[in-house]
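Morning, everyone. I have one structure to go through today, and I will keep to side chains and contacts.

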Amino acid sequence: VDDATFGLMLLGMGVGADFLFQPTTEDIAGNRQLLLRVFGSWTHALSDQWSTSLTLGGVMGRQLGQAVDENNLPIPSNTVVQPYGVAAINFQDDFGTAGFSIEHNVAPNVLTGSAQLTDTATLRAGLPLGDSGFLLAGTGAVGTARVLEVDGTFGDEVVLVFVADAGLAYI
């Protein structure tokens with residue numbers, strides 16, 4: 001078999017669930033949302049250093065229990081169904097790693113206590129520091145987010161998010 005035309009291919013599937021619980025306080029109405037995710041994945045090794053991956057599926061979100069407004073009146077809730085997907089290209093060799101991915105997802109945000117529809121592009125890199133066992137890593141991402149409201153709709157406000165981080169690890 002010619003090495004230039006042969007590549008490892010992996011297929012997979014998965015099911016996942018996220019549960020978001022934000023208790024009711026004097027200032028904040030409680031929020032309990034369940035997100036169910038079903039997906040299939042495919043990874044293809046283009047060479048010893050390069051690979052691609054694709055994950056496609058769907059997310060279903062639903063408010064659990066009866067949501068109420070500030071006047072304690074019930075808010076009708078609808079089930080939300082959204083596509084889910086991640087596409088990535090990755091590089092790895094003895095001199096380091098790098099990757100680029102794009103993702104469309106509905107996921108909980110623990111900082112805001114809400115589920116959010118997100119679209120994200122992420123660039124990752126890792127560089128071993130000689131034979132020391134240390135690895136310098138960095139990530140940069142840009143994305144948009146919209147809140148999944150308790151009535152099963154997405155909020156009108158779109159938030160633009162920029163994220164960057166760096167780390168030093170011993171492996």
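Predicted model: local features only at pLDDT ≥ 70, side-chain atom pairs only at ≥ 80, totals over all residues.

First, the charged pair. Side chains of opposite charge can pair when their charged atoms come close. How many salt bridges does the count come to? The count is one salt bridge. Its partners are the side chains of Arg37 and Asp18, with 3.3 Å from N to O. That is inside the cut-off, because a salt bridge here needs a Lys or Arg side-chain nitrogen within 4 Å of a carboxyl oxygen of Asp or Glu. Arg37 belongs to strand β2 and Asp18 to strand β1, which covers residues 9–22, and the two are 19 residues apart. So this pair links distant parts of the chain.

Are the two partners buried or exposed? Arg37 has a relative accessible area of 10% and is buried. Asp18, at 23%, is partly exposed.

Arg37 has another neighbour to mention. Its charged end sits over the ring of Tyr84, 5.2 Å from the ring centre.

Next, Gly40, which is also in strand β2, residues 31–45. With a relative accessible area of 28%, Gly40 is partly exposed. What does Gly40 touch, leaving out residues up to four places away in sequence? The contacts are Gly12, Met13, Leu54, Thr55 and Leu56. Val15 is 25 residues from Gly40 in sequence, and in space the two C-alpha atoms are 9.0 Å apart.

From that list I will pick out Thr55. Thr55 is in strand β3 and is buried, with a relative accessible area of 15%. Again not counting residues up to four places away in sequence, Thr55 touches Phe39, Gly40, Ser41, Tyr84, Gly85 and Val86. Tyr84 in that list is the residue whose ring has the charged end of Arg37 over it.

Now the aromatic rings. The structure holds three aromatic pairs, and I will describe two of these. One is Trp50 with Phe91, a tilted pair with 4.9 Å centre to centre and 55 degrees between the planes. Trp50 is in strand β3, residues 50–63, and Phe91 is in strand β6, residues 80–93; they are 41 residues apart, and the pair links distant parts of the chain. Trp50 is partly exposed at 40% relative accessibility, and Phe91 is partly exposed at 23%.

Another pair is Phe134 with Tyr170. Which arrangement do these rings take? They are edge-to-face, 5.1 Å centre to centre, with 65 degrees between the planes. Phe134 is in strand β9, residues 134–148, and Tyr170 is in strand β10, residues 159–170, so the pair ties together parts 36 residues apart in sequence. Phe134 is partly exposed, at 35%, whereas Tyr170 is exposed, at 61%.

Last, the surface. Which residues make the nonpolar surface patch of about 550 Å²? They are Leu46, Trp50, Ile89, Phe100, Ile102 and Leu123. Leu123 lies in strand β8, residues 114–128, and is exposed, with a relative accessible area of 54%.

That is the end of my part. Questions, please.

Technical notes: Residues numbered from 1 in each chain as written. Heavy atoms only, no water. Phe/Tyr/Trp six-rings, centres within 6.5 Å; stacked < 30°, edge-to-face > 60°. Helix = DSSP H or I, 4+ residues; strand = E, 2+ residues; numbered from the N terminus. Buried < 20%, exposed > 50% of the residue type's maximum accessible area, 1.4 Å probe, protein only. Lys NZ or Arg CZ within 6 Å of the ring centre and 35° of its normal. Patch = residues over 30% accessible without salt bridge, like charges linked within 9 Å, V, L, I, M, F, W, Y side chains within 5 Å. Areas by Shrake-Rupley, 256 points an atom, 1.4 Å probe, with all protein chains shown as cover. Contact = heavy atoms within 4.5 Å.
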